[in-house]
Amino acid sequence: MKQLIRTRIAPSPTGYPHIGTIYQALFNFAYAKKNTGQFLVRIEDTDRTRFVQGAEEVIFSALDWFGLTEDESVRKGGENKPYRQSDRLAIYHKHAQELVEKDFAYFAYYPKADAGQKKVYTGDVKQQAETTETPPNTIEEMIKSGDWILRMRVPKEKETIVKDEIRGEITFAAAQVTEQVLIKSDGYPTYHLAAVVDDHLMGITDVVRGEEWISSTPKHVLLYQYFDWEVPKFYHTPLLRNPDKSKLSKRHGHTSVTWYQEEGYLPQAILNFLSLMGWTHPEEKEIFTLDEFMNVFDLKDIRQVGPIFDLTKLTWMNGEYIRQLEIDILIQLLKEYEVKYGENKIFDGIDDNTVKQIASLAQSRISTLKEFSPLITHFLPDSQFTVLHEKDKDIIVSLQEELGKIIDWNKDTILEVLRGVLIKHSIKMPVLYTIITGRERGLPLPESLSILGRETVLRKLDHAIPI
RNA sequence: GGCCCCAUCGUCUAGCGGCCUAGGACGUCGGGCUUUCAUCCCGAAAAUCGCGGGUUCGAUUCCCGCUGGGGUCACCA
């Protein structure tokens, strides 16, 4: 019988939701769901100095936005609760105590003054400060004192072999594995202890996480051995990169999910794009749904090269998704977007039928929801047709006269009139387009004028007084 | 610096010893359609497969070295 697959992501509530977290969530979610397993979310808030109020909620709403909804978590509950590490302190203490008793961990003296110091790399690991104090006997005593931490022991001679399902076996010499702090002086566990304990207790079978964790995996393997627990399968995915090839960061790229929302990207497009970072569809398809992805993908096929996150290609893909949308859905999305992020109340005072026509014209011309509003400004009731130069006055007059003669007001009759004006004044369409709309590109003119309606167009032309 | 991971067009990538005079996509450039722009269609440029050694009848594909890039060496995750 096949073992039930359980995966997880373990984000820290330290700020906005990171696109890298979504990248991990995608693979974890897809792999679990593909195997009718479960995908859980555990909140790793053991570093209270970096804790950000409200960050937890934003993580969940981001997951919902992408449709990567978990089976178990703080908000969903589940058999393995609690799912927030700060609520599991007693569990970590109990297991840490077990390690102390088995002599797999020891107390090290670290006066409070040293707390929070980032070690400057010197080649030596400073294991503990000089002291004549007697070490504590239990975790409890340690926390009470506040000057001690708990470190794991690492066998001096033995090398540790880590099996990565994507990269194969990786061997680490003992000297490379530091005697990692397990419990900090404030009683909170470090990631290493907490993650191992939780992954085991929560029945995680497959750990899918970023490449940055490879070098600390031997510590984790050692801990599993100390506890005499089965080691889960590890998959280390490549890291998303900035254009300068460094690990994707705020400084050089866009890492916040919020940013993508504000820019008008669609979650399906982002997911599709992300899935192509380090993975290829067997038929080399570029556009596919999350369902299709789950069907055909395999964690083992993930490449090991850190891909550069190319916004240009994402934008193209987003445009593809927008073009595929049913027009009513697109309108719905545009409306929601404008309510949340828009500045112009572009949909006010425009009836549904008109909105539909405008949206249809815009659909092939926008790549993000954000691009819609600037494209249609000339439809706004108080917008004005622009005339930049006195020399164009004659053209405006011709337009007024000729358009005024139209009996059956539609895009074809309008186009015919416009053509006549072009010939009369010996100008080309781009010139006329700019005279009328004040811009060089945008929605097609005959259609736009047709939608605006004869009265409005003539009125606007009236107001188009040369400066 | 030690250790670990990695290395095909500018970018995302296909390739898993001969089908490769290296394929696709984005982007770029040119053309067509056309009422501006876009969509759409057609075409082009773009990788001496990082370099050097092997192994082999034969290497982009296997091995080694070098170089380059990335990650990691916290009482952060």
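**View 1. The surface near RNA strand B, by residue class.** The surface near RNA strand B has 26 nonpolar, 17 polar and 25 charged residues. Nonpolar means Ala, Val, Leu, Ile, Met, Phe, Trp, Tyr, Cys and Pro; charged means Asp, Glu, Lys and Arg; the others, Gly among them, are polar. The model is predicted: local features need pLDDT of at least 70, side-chain atom pairs count only at pLDDT 80 or more, and totals for chains, interfaces and linings use all residues. Residues are numbered from 1 along each chain as its sequence is written, while chains are lettered from A and ligands numbered from 1 in the order in which they are written.

View 2. Helices (H or I, at least four residues) and strands (E, at least two) are DSSP runs, numbered from the N terminus.

**View 3. The crossing of α1 and α8.** The axes of α1 (residues 19-34) and α8 (residues 267-275) come within 10 Å and cross at roughly 75 degrees. That makes α1 roughly perpendicular to α8 (65 to 115 degrees). Axes are lines fitted to C-alpha atoms, for helices over the stretch in contact; angles run from 0 to 180 degrees between N-to-C directions. Ile-22, Tyr-23 and Leu-26 in α1 meet Leu-271, Leu-274 and Ser-275 in α8 (C-beta atoms, placed from the backbone, within 7 Å). The contact has five nonpolar, one polar and no charged residues.

View 4. β1 (residues 6-9) pairs with β2 in the parallel sense over four bridges. Strands pair if DSSP finds at least two bridges between them. Thr-7 stands opposite Phe-39 in β2.

**View 5. The open sheet β3-β4-β7.** This sheet of three strands has antiparallel pairing. Its edge strands, β3 (105-109) and β7 (181-183), each pair on one side only. Neighbouring strands are turned by 50 degrees against each other on average, direction ignored. Two bridges join β4 (residues 148-152) to β7. Leu-150 has Ile-183 in β7 as its bridge partner.

Conventions:
Parallel < 35°, antiparallel > 145°, perpendicular 65-115°, else oblique. Contact = placed C-beta atoms within 7 Å.
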